[in-house]
Amino acid sequence: MSQFTMFTTPWCGYCHRLKSQLDREGIAFDIVDIEQQPDAALTVEQANGGNQTVPTLLFSDGSTLTNPSVAQVKDKLAALA
């Protein structure tokens, strides 16, 4: 079961790095490509002052993290548990 959604683009190096780190940690998440789903880009813009900054993570409580470290993601997931 995924614990959050990662908004990304195919060309984003930061996204690729975070995805691989999360996979190594066994953390489940959904991926949404904002170039393939333009409505999702609006979610990213709302979280980032109008900018399409990725990776942006959206958690079950409605909060977001932009370009977080794995440690920040783990801390957030612990707080939600």
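This is a predicted model: local features need pLDDT of at least 70, side-chain atom pairs count only at pLDDT 80 or more; totals for chains, interfaces and linings use all residues.
**Entry: helix packing.** I looked up helix H1 (residues 13–25) against helix H3 (residues 70–80). They pack at an angle of about 55°, with axes 10 Å apart. H1 and H3 are therefore oblique to each other. I noted the handedness too: the crossing of H1 and H3 is right-handed. Next I listed the contact. H1 contributes Leu18, Gln21, Leu22 and Glu25, and H3 contributes Val70, Val73 and Lys74. By class, the residues of this contact are 4 nonpolar, 1 polar and 2 charged.

**Entry: cysteines.** I searched for disulfides and found 0 in the structure. I then checked accessibility. Cysteine 12 has 4% relative accessibility, so it counts as buried. Cysteine 15 has 0%, so it counts as buried as well. The cut-off for buried is under 20%.

**Entry: backbone.** Where is the proline with the cis peptide bond? I traced the cis bond to the step from valine 54 to proline 55, with omega near 0°. Proline 55 sits in the loop between helix H2 (38–47) and strand E3 (56–59).

I also looked at phi. Asparagine 67 shows a positive phi of about 50°, although it is not a glycine. I placed asparagine 67 in the loop that joins strand E4 (64–66) and H3. Is asparagine 67 buried or partly exposed? Its relative accessibility is 33%, so asparagine 67 counts as partly exposed.

How values were computed
Residues are numbered from 1 along each chain as its sequence is written. Side-chain values use heavy atoms; hydrogens and water are left out. A disulfide is a pair of cysteine sulfur atoms within 2.5 Å. Buried means under 20% relative accessible area, exposed over 50%, partly exposed in between (1.4 Å probe, protein chains only). Axes are lines fitted to C-alpha atoms, for helices over the stretch in contact, and angles run from 0 to 180 degrees between N-to-C directions. Helices (H or I, at least four residues) and strands (E, at least two) are DSSP runs, numbered from the N terminus. Angles under 35 degrees count as roughly parallel, over 145 as roughly antiparallel, 65 to 115 as roughly perpendicular and the rest as oblique. A crossing is left-handed if the near helix is turned anticlockwise from the far one by less than a right angle, and right-handed if clockwise. Contact means heavy atoms within 4.5 Å. Ala, Val, Leu, Ile, Met, Phe, Trp, Tyr, Cys and Pro count as nonpolar, Asp, Glu, Lys and Arg as charged, and the others, Gly among them, as polar.
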